[in-house]
Amino acid sequence: MHFLDKMPAGVQEGVFLKLFEQCEIAQYKPKELMKYEQSWKKHNDMFAVLSSAEKKGMQKGMEKGVEKNKKEVAINAINEGFDDVIIQKLTKLSLSEIAEIRKELNA
């Protein structure tokens, strides 16, 4: 039976739960404490890796979204008869990128 199992029902949440967990950890023998710390480090390392991957994925998704939006604006501007220089100013796309979009539209 774990120390946490003895915890009164009224204090099984929030700060009391954290306190009881700390009390249980304080009772660990050196070998158990080392295993706990290794497990906690693994958990934190995995969290850091996942968090970093999530941030990179979100950044990449945002960049793709911005590029897609630029292309959609360019297509709309081309369809409205705008000059390539104006489209370039609106979208920050290069003239060669705009020419490529024009080719795709005419294909």
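Predicted model: local features only at pLDDT ≥ 70, side-chain atom pairs only at ≥ 80, totals over all residues.

Biologist: Okay. What caps the N-terminal end of helix H3?

Modeller: That's Asp83, with a side-chain oxygen 3.0 Å from the backbone nitrogen of Val85. The helix covers residues 84-91.

Biologist: And which residue follows H3?

Modeller: Lys92, and its phi is positive, near 65°.

Biologist: Switching to packing. At what angle do H3 and H4 pack?

Modeller: About 110°, with the axes 10 Å apart; H4 is residues 95-106. Angles of 65 to 115 degrees count as roughly perpendicular, so H3 and H4 are roughly perpendicular to each other. H3 passes H4 in a right-handed crossing.

Biologist: Which residues meet there?

Modeller: From H3, Asp84, Val85, Ile87 and Gln88; from H4, Leu95, Ile98 and Arg102. By class, that contact has 4 nonpolar, 1 polar and 2 charged residues.

Biologist: What about H2 against H4, what's the angle there?

Modeller: H2, residues 30-79, packs on H4 at about 65°, and their axes are 10 Å apart. That pair is therefore roughly perpendicular to each other as well. H2 also passes H4 in a right-handed crossing.

Biologist: Which residues of H2 meet H4?

Modeller: Lys71, Ala74, Ile75, Ile78 and Asn79. On the H4 side they meet Ile98, Ile101, Arg102, Glu104 and Leu105. The classes are 6 nonpolar, 1 polar and 3 charged.

Biologist: Which element has the lowest mean pLDDT, and which the highest?

Modeller: Helix H1, residues 14-26, has the lowest at 77, while H3 has the highest at 96.

Terms used
Residues numbered from 1 in each chain as written. Heavy atoms only, no water. Polar contact = N/O pair within 3.5 Å; in protein donor to acceptor, adjacent residues only side chain to side chain. Helix = DSSP H or I, 4+ residues; strand = E, 2+ residues; numbered from the N terminus. Axes fitted to C-alpha atoms, helices over the stretch in contact; angles between N-to-C directions. Parallel < 35°, antiparallel > 145°, perpendicular 65-115°, else oblique. Left-handed = near helix turned anticlockwise from the far one by under 90°. Contact = heavy atoms within 4.5 Å. Nonpolar A, V, L, I, M, F, W, Y, C, P; charged D, E, K, R; others polar. pLDDT = per-residue confidence, 0-100.
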